[in-house]
Amino acid sequence: MAKRSIPGGLASRARFPTLVVFLAPALIVFTALVIIPVFEAAIFSFYKWNGLGPMVDFRGLGNYLELIQDAIFHKGLLHNFIIVIVSLIIELPLAMALALIVSDRKFKGAVFFRTFFFLPYMLSEVITGVLWQFIYHPQYGLVKTLFEALLPGVHPPALMGSPDTVLWAIMIVIIWKYFGLHMTIYIAGLQDIPQEQIEAATIDGASKGQIFRRIILPGMRNAVQLSIFFSIIGSFQVFDIVWAMGKGGPANGGETIVTYLYTTGFVRFNVGYGSTIAVGLFFICLLFSFFYERVIAREAT
Amino acid sequence: MSRKTKLTAFVMAFALVAGGLAMADQVTVNWWHIGTAANDKAMLQKFADDYVKANPNVKIEITVLENEAFKSKLTTVMQGGNPPDLFQSWGGGVLAQYAQAGLLKDITKDVKGTAFGKSMASGVWQVYSYNGKVYGAPHDMGGITFWYNKELLAKVGYKTFPTTWDDFLKLVKKLKAAGITPIALGGGDKWPAMHMWSYIALRLGGGQLFEDTFSGKNAKGFENPTFIKAGQMLADLAALKPFQDGFLGATYNDEAALMGNGEAAMELMGQWAPNVEKDNSSDKTGLGAKLSTAPFPAIKGGKGKITEVIGGGNGYAVGKNAPQAAVDFLKYLDNKKNNTTWAQVSSIIPTVKGAEVGLTDPNAKMVKAIVDKCTFFQLYLDQFLSPAAGGTVNDAVQNILAGTATPAQAMAAIQKAFVAK
């Protein structure tokens, strides 16, 4: 970090104790709970180890060679990418459209709908998962009841019971749960755009589409960037909902990198290889951060 | 320092020491069990309360966890090297792994040659032993059998459960034709389906195949053609669509609910099935007298007999830091009186000799009869093998049912995990 001169009356020497007092607790906790475990995981990843007793079975790069060829890891990675892409092309535009609607001053129920759309985000992930398990339940669920009421004679699909549909069933839940968050970010972004600009453009005869493209979207650049960042990071870390809904199954159809990591390390007692998966995920996230810094963040400045 | 303050200091020091001594007498036993059904929970609580009343220096802290939640939570404390004093265990490979890592207390001296040891058959102690040392005690040891709804079977003309695989397939087809879900299966939890494949393999290859596989005498291991054929037969069964809709995503509790509500004709499950069915049925009464049980059918041309049983039970393992009071409490839990009560209340198959008088439930008596007559006994494969290999067996069977792996591919995956140990 570059040294900066401190504005105002405080000399840097006077600031040092303040720095120590305020920074130390956070630094100690962060080091103990994040930095050290990251390095520990990196060490575990070279061993075959069940998490109990001493590590003795050094495998060198063996775990990494296995990871590269691991079909389930590939599947999890693919699923994570699908979740990212669907979030970007369906969830975010949906959130944007809703934000525009509920920000319209002429729209009477705006406050009610803002709260209403934000509600799913306030539920905990596990509760959401359990709730949707009930909705999707092939024998007693809401989906089945709806099918029977609206489309009598049509057999309702058991979405969570097939490796081909489970990911999409989970995708619906993820969109349902998080679009409210992105909508709220966009509403905040919309409030930054001076109303006069829009009024002036309207007087000059600009269409709604032109106003959106030329004024609103550029003015919301920061909000959009933030929501893309949350969306991608969230997609890579998604775990609780998937786990609560079906533990990444059936037949790995809903597996994400983190569910696979958890199953390997904590259900199968394969802590060594589980750590290898974790290190793999770490590098993927690092790569993304790099890309984000280079492409998305730079474009903005 | 004045004399008065000296005296005060002395009194205080004395009080501290005396208090400390009194505290030292007080021991706490942490006990994790999975008896979440209302009757189990109340009974186990009473056992603990009665023990504490007789031994006021012991405090028993009970943690009741649901099966899957228990497994996750236990894993975390085990990897942290901090096991509870007494905890649910199915014995076998998982117990061995803990014992190997020094996480369990060796209670051999409390078992070998003692009255406690002699109260149970030596075979059941085997399940809770590793390298000749005992690390826990079972209170329940039964077998996996087919549980069926007599009323639904009667509807398609079956008064008794089929004893051959061919007849079994006929029954499945008839039930299907009559619009009844033939088999309830919690395929999402994997292990219920795993039992189906392992039973087919046992009927095809007999106990000898299993013994030869574990000893290494069967060089191809799980890639032996008999195991692959068992996988194929399971795939053929699945092709008849005998399971409820969405079974691949269903939990064991879903399976029990379908049985308990009379919406499916049968399930392949352990001795606890009636209790869990009751607990998961919408009216909390289950099937009652409509429920019956029978051994897994024999397969024509197979080497295994219908009297060979896959089973296991429930017990408690003792954690490495457990006080002697934990072992005493374990002995108390598994005394004849309590084991009899247990058999009465939740239809376990009691392990203590003489406790079978508590069995009033006709279904439990039938399971006991099947287990008593068995000519070969195999502990559940996912518990017998190491967690990694056992988990792979569960995955492999699910992949066969989902059609995401051929039987040969699935068996190759099991063999790979089995050899990796």
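Which residues are exposed on the other side of helix 16 of chain B? The legends below take up this question among other views. The model is predicted, and local features need pLDDT of at least 70, side-chain atom pairs count only at pLDDT 80 or more, and totals for chains, interfaces and linings use all residues. Residues are numbered from 1 along each chain as its sequence is written, while chains are lettered from A and ligands numbered from 1 in the order in which they are written.

**View 1. Buried and exposed residues of helix 16 of chain B.** In helix 16 of chain B, the buried residues are B:N363, B:A364, B:V367, B:K368 and B:I370, where buried stands for 20 or more other C-beta atoms within 10 Å of the residue's own, exposed for 12 or fewer and partly exposed for values in between, with C-beta atoms placed from the backbone. Helices (H or I, at least four residues) and strands (E, at least two) are DSSP runs, numbered from the N terminus.

**View 2. The contact between domain 1 and domain 2 of chain B.** The domain assignment, whose bounds come from an automatic or database source, gives domain 1 (3-141 + 313-366) and domain 2 (145-310 + 380-420) of chain B. Their centres, taken over C-alpha atoms, are separated by 32 Å. In all, 16 residues of domain 1 of chain B are in contact with 15 residues of domain 2 of chain B, a contact being two residues whose C-beta atoms, placed from the backbone, lie within 7 Å. On the domain 1 side, helix 4 and helix 16 (362-372) of chain B each supply at least two residues, and the largest share, four residues, comes from helix 4 of chain B.

**View 3. The largest nonpolar core.** Of the 133 residues in this core, B:L86, B:Y135, B:W197, B:I200, B:L234, B:V318 and B:L330 touch the most other members; a nonpolar core is a set of buried Ala, Val, Leu, Ile, Met, Phe, Trp, Tyr and Cys residues joined through C-beta atoms within 7 Å. Helix 10 (residues 191-215) of chain B gives the most to the core, with twelve residues, and the core draws at least three residues from each of domain 1 and domain 2 of chain B. Leaving aside its neighbours within four places in sequence, B:W197 is in contact with B:A230, B:G231, B:L234 and B:V397. A second, separate core of 44 residues includes A:L92, A:A158, A:I216 and A:M220.

**View 4. The contact between chain B and chain A.** Here 26 residues from chain B meet 21 residues from chain A. Helix 3 (67-79), helix 4 (92-100) and helix 18 (387-402) of chain B each supply at least two residues of the chain B side, to which helix 18 of chain B gives the most, with six residues.
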